[in-house]
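Subject: Structure for your review

Hello,

Here is the structure we talked about. Please open it alongside this note; my findings follow below.

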Amino acid sequence: MPVGGRKQAPVVIEEEMAVVASTISGRTSELPAMWNRMLEPRVLRDYGSGGFARLAALQGGESLEWCYGCGKCVPVCPVDLVGEYGPRKLHRKVQSGVDLLADDDLWLCTTCMNCLRVCPKQVDMIKVMPAARGAAVGAGEVPTELQDVFEKTFRYGNCLGENPRRRHAWTRGAGVPVRVLADQPGPVDVLFYVEDYWSYHPRGQQAAQAFARVLTALGVDFAILGAEEKTVGDSQRLAGEAGLFEALMEDVAATLGRYDFRRIVTPDPHGFNALVKEYPKHGHRYEVLHYTQLLAPLVEQMPFAASLERTVTFHDPCYLGRHNGEYDAPRTLLEAIPGIRLVEMGRCRENGYCCGGGGGGMWLDGFTSNHTAERLSERRVREAAETGADILAVCCPYEVSRFEDAAKSTGNDHLQVRDIVELLDEAMRGHGEG
Ligand code: SF4
Ligand code: SF4
């Protein structure tokens, strides 16, 4: 039967009184309408399974069909909170004939994982979305802004299309020496994998400089790859470019193979996620820490020189928290800073609200804005402002610019957005108010 979104009303077969014969004893009974309508076979809905079959043929696309419509995912989906979206709604659309590969909904999911956390059927959007998007990418059906990022990443090894030779330009403003391994080879304890936004974005560069100063103050032996570094590419993978991700991975692994380091430390939860979960699947195994995990055990050694006297709320990055289970290291750092009072937002830790940047969302704000009443980052900034905090602390390089823009557009200019490492650096250098 045809589907295509046109639902067919059920045909009710019902008589005022029906005589029903038992198939065993042959005895007959009379049944009134409310009962006899249940005895005839009838079609309640006439749905097609073709959409699910197409998805199930893609590796990772199988689980959307497993949905049984309990609806638990919808209220926790950050996109549904500002729009009309969620795995159950997506399941319903595919069920009624919508082709997901050609639908705008394909690009709305940020792969934040909050639905998988509550789904009793293990409908896994973290696998469904990359699989479906990969098929759309293969067919050339990609939003222009995302295609632009794929091309920049392919050509320059970073999503911003910046010159690879300028990757470590930020070190000039750090105020401390930063060793580049190609220039000063030899064993090193910490390989600081800077990633794109801390390398090139002006606000990210400030955080990278702060991190270099904090590491130096703590006596940590560290170095960077400089111009040899390329993005790990996890968000490109989740946005559907698995081929690009794998090519980057081979380049990154080859570069890492040339140097002698004990552990990799990165500020980027997305890069962290791929190094911890994806690289080992291809035989590339390293000890990897998020920068907050490196610093949290060192708080007793931090030479704080000032009390900051600020009220701070903290935004859990999806790819550090829900995806990798780290909720405490950032809080340990914030609570160690003299004069900081930490207040939590209602949605925090396991139920943290997504900033909208994951899974390629970082590059799809224009596209997404046609489908949402407000940006996810704007929604989150309003939640942060409601706590009464004067600082929104973050520890993901995607978030600073997203939230700073959102603070302006929602009229919350008083809310400062600071990376945790900037606050640590400020308190250690004695620039606080105390
Ligand atoms: S939580 Fe899972 S089973 Fe329930 S409606 Fe959502 S996707 Fe379907
Ligand atoms: S992963 Fe996040 S954004 Fe995507 S459907 Fe699930 S809850 Fe919504």
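Four parallel-paired strands make an open sheet in the order E4-E3-E5-E6. Strand E4 (222–223) and strand E6 (288–290) are the edges; each has a single partner strand, so one side of each lacks a neighbour in the sheet. Helices (H or I, at least four residues) and strands (E, at least two) are DSSP runs, numbered from the N terminus. Two strands pair if DSSP finds at least two bridges between them.

This is a predicted model: local features need pLDDT of at least 70, side-chain atom pairs count only at pLDDT 80 or more, and totals for chains, interfaces and linings use all residues. Residues are numbered from 1 along each chain as its sequence is written, while chains are lettered from A and ligands numbered from 1 in the order in which they are written.

Back to that sheet. Strand E3 (residues 188–192) pairs with E5 in parallel over 4 bridges. Phenylalanine 192 has valine 265 in E5 as its bridge partner. E3 also runs parallel to E4, joined by 2 bridges. There, valine 190 stands opposite phenylalanine 222 in E4. Helix H13 (residues 269–278) lies across E5 and E6, at about 160 degrees to E6. Axes are lines fitted to C-alpha atoms, for helices over the stretch in contact, and angles run from 0 to 180 degrees between N-to-C directions. Contact means that two C-beta atoms, placed from the backbone, lie within 7 Å.

Next, the other sheet. It is open too, with 4 strands in the order E8-E7-E9-E10 and parallel pairing. Its edge strands are strand E8 (340–342) and strand E10 (416–419), each pairing on one side only. From one strand to the next, the twist averages 35 degrees. Strand E9 (residues 391–394) pairs with E10 in the parallel sense over 4 bridges. Leucine 392 stands opposite valine 417 in E10.

Now the core. The largest nonpolar core has 116 residues, and Phe211, Leu392, Ala393, Phe403 and Leu424 touch the most other members. Helix H10 (residues 202–217) gives the most to this core, with 7 residues. A nonpolar core here is a set of buried Ala, Val, Leu, Ile, Met, Phe, Trp, Tyr and Cys residues joined through C-beta atoms within 7 Å. A residue is buried if 20 or more other C-beta atoms lie within 10 Å of its own, exposed if 12 or fewer, and partly exposed in between. Phenylalanine 403 touches Cys355, Ser377, Val381, Leu392, Val394 and Val417, not counting residues up to four places away in sequence.

Helix H19 (residues 420–429) is mostly covered, with 8 of its 10 residues buried. Among them are Ile420, Leu423, Leu424 and Met428. The buried residues of H19 pack against H10, helix H14 (291–295), helix H15 (328–336), E9 and E10. Just after H19, glycine 430 takes a positive phi of about 80 degrees.

One residue to look at is tyrosine 200, in helix H9 (residues 195–200). It counts as buried because it has 22 C-beta neighbours inside 10 Å. Its contacts include Asn158, Leu160 and Glu162, leaving aside neighbours within four places in sequence. Tyrosine 200 and tryptophan 170 are 30 residues apart in sequence but 7.5 Å apart in space, C-alpha to C-alpha.

Then the ligands. A residue counts as near if its C-beta atom, placed from the backbone, lies within 6 Å.

- Ligand 1 is surrounded by 15 residues, the closest being Cys67, Cys70, Cys73, Arg88 and Cys119. Helix H5 (residues 87–95) gives the most to this shell, with 3 residues.
- Ligand 2 has 14 residues around it; Cys77, Cys109, Cys112, Asn114 and Cys115 come nearest. Helix H4 (78–82) and helix H6 (114–118) each supply at least two residues of that shell.

Finally, the chain overall. It has 19 helices and 10 strands. Buried residues make up 45% of its 434 residues. The C-alpha trace spans about 95 × 45 × 40 Å along its principal axes.

Best wishes
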